Amino acid sequence: MAYDLLIKGGLVVDPSQSLHGIRDIALARGRVAAVEEGIPSGQAKNVVDASGLVVTPGLVDLHVHVFWGVSHFGIEPDPTCLSKGVTTAVDAGSAGATNFAGFRKYVIERSKTRLRAFLHISAQGLPYREIGELEDLRWADVPFAVEVARQHADVVLGIKVRLSQAQCGQNDLPALDRALDAATQLGKPVMVHVGDTYSPLEVILDRLRAGDVLTHAFTGRPHGVLDEKGRVIPAALEARKRGVVFDVGHGAGSFSFDVGDKALSQGFGPTTISSDLHHYSVNGPDYDLATTLSKYMRLGLSLDEAVRLATAAPAKVMGMEGRIGTLKVGAEGDVALFRLEEGRFTFTDS
């Protein structure tokens, strides 16, 4: 038989190919082998009837926390990501230089979910909730971070830093500068957590480069992307022009419907939609990436645009464009099936 698996008759939504229509998806040897109408069932060892379902590339979540058992944020990736249609996820700084080797051996290499990571500039990562990991800047050891990131260059996408006052007090700019120093030496981006920072967002954005990721971009906490009149601040517009990525990172405390709606109405939507799924958000208000996409559809995004922001767009940020987040022939055989329901539902932000 030509194919290992055939997914028949679903509504295929693949923004990477501007594809929105009824198609069959055939997979062989772990890759997409064909996307066509009417592929005979007899050509595949296994057949899935996707009639009435939406078939997308496997979702790509740019912000999760899956260092279970070590980080206080940690949850297991396969039950919370893969089983919810997320085939690739990026851990956003749960591990630092002191414990990344363990994170790789016991989580990344043992999970069915394809995992990549941002290495925290704090050598300890995120083990403990009650003390901010960068209140003491000695944890921000640039040479150590660079050394470990180079040792694990195949899975480390860049450097993470959290700049809220609860994590670093008044050290936000020195912490950011150290993260940028490490990232520059590596030739990789930083992912920057904002919301309730000591310094204004304008000052933080001014330091960011093309490809750097501002996560929690639509937080309702102080120093956000909107000014006191609800207008997108000029610094955010300028940062987007030069290629800074504005990521949702919903989580338990980092997304506001009001901010997201007002920004979207001004043409300032997210570059990527991520969940920030972790121990404190997985049972609500976040739940999973599909729920976060549903919230943005409620704000006005089309199904196709919502899927793009959780497939092709994050794949590009990760440097994996054309390999994941797409159903192009030859791409990784990552497929997700969803049912699109209409009705009255209650969605909750952070």
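How many of the 10 residues of strand β2 are buried? Seven of them are, so strand β2 (residues 19-28) is mostly covered, buried here meaning under 20% relative accessible area. The model shown is predicted, and the legends below describe it view by view.

**View 1. The whole chain holds 11 helices and 13 strands.** With a radius of gyration of 20 Å, close to the 20 Å that the globule rule gives for 350 residues, the chain is as compact as a globular protein of that length. The C-alpha trace spans about 65 × 45 × 35 Å along its principal axes. Of the 350 residues in the chain, 57% are buried. The accessible surface comes to about 14600 Å², and carbon and sulfur atoms account for 48% of this surface. When contacts between residues at least 6 apart in sequence are considered, 75% of these contacts join residues at least 24 apart.

**View 2. Strands β1 and β2 form a hairpin.** Strand β1 covers residues 3-14 and pairs with β2 in the antiparallel sense. Eight bridges connect these two strands. Within this pairing, Val13 stands opposite His20 of β2. Four residues lie between the two strands. One of the residues in the turn, Ser18, has a positive phi of about 50°.

**View 3. Strand β2 also forms a hairpin with β3.** Strand β3 consists of residues 31-36 and runs antiparallel to β2, with five bridges joining them. Asp24 has Glu36 in β3 as its bridge partner. Two residues separate β2 from β3 in this hairpin. Arg29 is found in the loop between the two strands. Its phi is near 50°, a positive value in a residue other than glycine. Arg29 has a relative accessible area of 73% and is therefore exposed, as the cut-off for that class is over 50%.

**View 4. Seven strands form an open sheet with parallel pairing.** The order of the strands across the sheet is β6-β7-β8-β9-β10-β11-β12. At the edges are β6 (59-64) and β12 (245-246), each of which pairs on one side only. Helix α5 (residues 172-186) packs on the sheet, where the helix touches β9 (156-162) and β10. The direction of α5 makes about 170° with that of β9.

**View 5. Strands β10 and β11 pair within the sheet.** Strand β10 is made of residues 190-193, and strand β11 of residues 213-215. Their pairing is in the parallel sense and has three bridges. Met191 stands opposite Val213, a residue of β11. Asp196 has its place in the loop between β10 and α6 (201-207). Phi of Asp196 is near 60°, which is a positive value in a residue other than glycine. Asp196 counts as partly exposed because its relative accessibility is 28%, and that class lies between the 20% and 50% limits.

**View 6. Helix α3 is capped at its N-terminal end by Asp141.** A side-chain oxygen of Asp141 lies 3.1 Å from the backbone nitrogen of Phe144. The helix covers residues 142-151, and its buried residues are Val142, Ala145, Val146, Val148 and Ala149. Two helices, α2 (100-106) and α5, are among the elements that cover these buried residues. Strands β8 (114-120) and β9 are also included in that cover.

**View 7. His250 is a buried residue in a loop.** The loop in question lies between β12 and α8 (257-265). What is the relative accessibility of His250? The value is 0%, so His250 falls under the 20% limit and counts as buried. Beyond its neighbours within four places in sequence, His250 is in contact with several residues, including Phe255, Ser274, Ser275 and Asp276. Contacts of His250 also include Thr292 and Lys295, as well as Thr348, Asp349 and Ser350. Pro285 and Asp286 are likewise among the residues in contact with His250.

**View 8. Gly284 and Pro285 are joined by a cis peptide bond.** The omega angle of this bond is about 10°. Pro285 has its place in the loop between α8 and α9 (289-298). As in the previous view, Pro285 is in contact with His250.

Definitions and conventions:
Residues numbered from 1 in each chain as written. Predicted model: local features only at pLDDT ≥ 70, side-chain atom pairs only at ≥ 80, totals over all residues. Heavy atoms only, no water. Pairing = 2+ DSSP bridges. Contact = heavy atoms within 4.5 Å. Axes fitted to C-alpha atoms, helices over the stretch in contact; angles between N-to-C directions. Rg over C-alpha atoms; globule rule 2.2 N^0.38 Å. Buried < 20%, exposed > 50% of the residue type's maximum accessible area, 1.4 Å probe, protein only. Areas by Shrake-Rupley, 256 points an atom, 1.4 Å probe, with all protein chains shown as cover. Polar contact = N/O pair within 3.5 Å; in protein donor to acceptor, adjacent residues only side chain to side chain.
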